[in-house]
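Below is a short briefing on a single protein chain, written for a reader who has the model open. The points are grouped by topic.

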Amino acid sequence: MNLLSLLLGSMTTQSSVQSLEQKTDVSSALIRKLLPLAIPILIKALTQNASSQTGAMSLLGALTQHKSTKPMENQIAAADSKDGEKILGHILGSDYSGVIGNLAGQTGMTNDQVSSVLANIAPALLSGVSAANTTQAAKPAASGLDLGSLMGMFGGVSAQPVQEASSNEFNGASLLGLLSALSK
């Protein structure tokens with residue numbers, strides 16, 4: 001099972017949806033309609049962001065800050081929506097308003113409802129990607145997240161230490177590969 005399926009599965013369980021419903025006052029029916037549309041878009045945007053060394057480093061920094069292993073419904077219940085809004089701003093960048101408006105139109109939700117739900121899942125989304133990266137990078141000598149292991153996770157290529165990778169050698173293609181593979 002791929003990361004996208006795992007994230008969708010854990011975020012659309014009855015308990016996760018109930019946590020979102022309680023936090024956002026958005027009906028569970030609308031949440032169940034939104035998440036399968038939104039999560040692949042967020043993963044695709046992460047892919048695009050990670051296509052440069054700067055974007056990959058930024059993602060790595062975010063992943064080191066979001067490492068919760070609590071059940072998804074607990075992560076959602078404890079989510080800091082202000083942090084989630086910042087995460088969404090970084091993930092979606094200048095496309096933020098368009099993506100939110102598009103999702104609102106597809107689901108029958110308001111822009112504020114879509115923003116609220118996504119802000120409350122964003123920290124958990126990063127924790128899920130972080131957990132997958134940690135699992136992918138798990139080796140006897142591994143000491144957590146590094147750019148090399150993140151690159152390997154996103155592209156299935158061997159991890160290269162950050163200090164050995166020059167700007168010319170790193171184009172983010174491996175990060176794109178992993179995130180693309182996530183949606184298959």
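The protein chain has 10 helices and 0 strands, where helices (H or I, at least four residues) and strands (E, at least two) are DSSP runs numbered from the N terminus. From the N terminus on, the order of elements is α-α-α-α-α-α-α-α-α-α. The model is predicted: local features need pLDDT of at least 70, side-chain atom pairs count only at pLDDT 80 or more, and totals for chains, interfaces and linings use all residues. Residues are numbered from 1 along each chain as its sequence is written, and side-chain values use heavy atoms, with hydrogens and water left out.

**The chain as a whole**

- The chain has 184 residues, and 43% of them count as buried; buried means under 20% relative accessible area, exposed over 50% and partly exposed in between, with a 1.4 Å probe and protein chains only.
- Among contacts in the chain with a separation of 6 or more, 70% are between residues 24 or more positions apart; a contact means heavy atoms within 4.5 Å.

- Helix H1 covers residues 3-11, and its residues Leu3, Leu4, Leu7, Leu8 and Met11 are buried.
- These five residues lie on the same side of H1 because they cover an arc of only 130° around the axis; the arc is that of the directions from the helix axis to the C-beta atoms.
- In H2, the buried residues include Ser16, Val17, Ser19, Leu20 and Thr24.
- Their arc around the axis is only 155°, so they too are on the same side of H2.
- Gln14 and Gln22 are exposed and sit on the face of H2 turned away from its buried side.
- An α-helix has 3.6 residues a turn, so residues three or four places apart point the same way.

**Packing of H2 against H3**

- Helix H2 (residues 14-24) packs on helix H3 (residues 28-49) at an angle of about 115°, and their axes are 9 Å apart; axes are lines fitted to C-alpha atoms, for helices over the stretch in contact, and angles run from 0 to 180 degrees between N-to-C directions.
- H2 is therefore roughly perpendicular to H3, a class that spans 65 to 115 degrees, while angles under 35 count as roughly parallel, over 145 as roughly antiparallel and the rest as oblique.
- The crossing of H2 past H3 is right-handed; a crossing is right-handed if the near helix is turned clockwise from the far one by less than a right angle, and left-handed if anticlockwise.
- H2 contributes Gln14, Val17, Leu20, Glu21 and Thr24 to this contact, and H3 contributes Ser28, Ile31, Arg32 and Leu35.
- By class, the residues of the contact of H2 with H3 are 4 nonpolar, 3 polar and 2 charged; Ala, Val, Leu, Ile, Met, Phe, Trp, Tyr, Cys and Pro count as nonpolar, Asp, Glu, Lys and Arg as charged, and the others, Gly among them, as polar.
- Gln18 belongs to helix H2 and counts as partly exposed at 37% relative accessibility.
- Gln18 and Ser28 are 10 residues apart along the chain, and their C-alpha atoms are separated by 6.7 Å.

**The loop between H2 and H3**

- Asp25 lies in the loop between H2 and H3 and counts as exposed at 70% relative accessibility.
- Phi of Asp25 is near 60°, a positive value in a residue other than glycine.
- Most residues other than glycine have a negative phi.

**Packing of H3 against H7**

- The axes of H3 and helix H7 (residues 96-107) come within 10 Å and cross at roughly 140°.
- H3 passes H7 in a right-handed crossing.
- Leu30, Lys33, Leu34, Leu37, Ala38 and Ile41 of H3 meet Val99, Leu103, Gln106 and Thr107 of H7.
- The contact of H3 with H7 has 7 nonpolar, 2 polar and 1 charged residues.

**Lys23 and Asn120**

- Lys23 is in helix H2 and is partly exposed, with a relative accessible area of 32%.
- Leaving aside neighbours within four places in sequence, Lys23 is in contact with Ile76, Ala77, Ala78, Ala79 and Asn120.
- Lys23 and Val117 are 94 residues apart in sequence, with 8.4 Å from C-alpha to C-alpha.
- Asn120 is in helix H8 (residues 111-137) and counts as buried at 3% relative accessibility.
- Not counting residues up to four places away in sequence, Asn120 touches Leu20, Lys23, Thr24, Ile76, Ala79 and Ser81.
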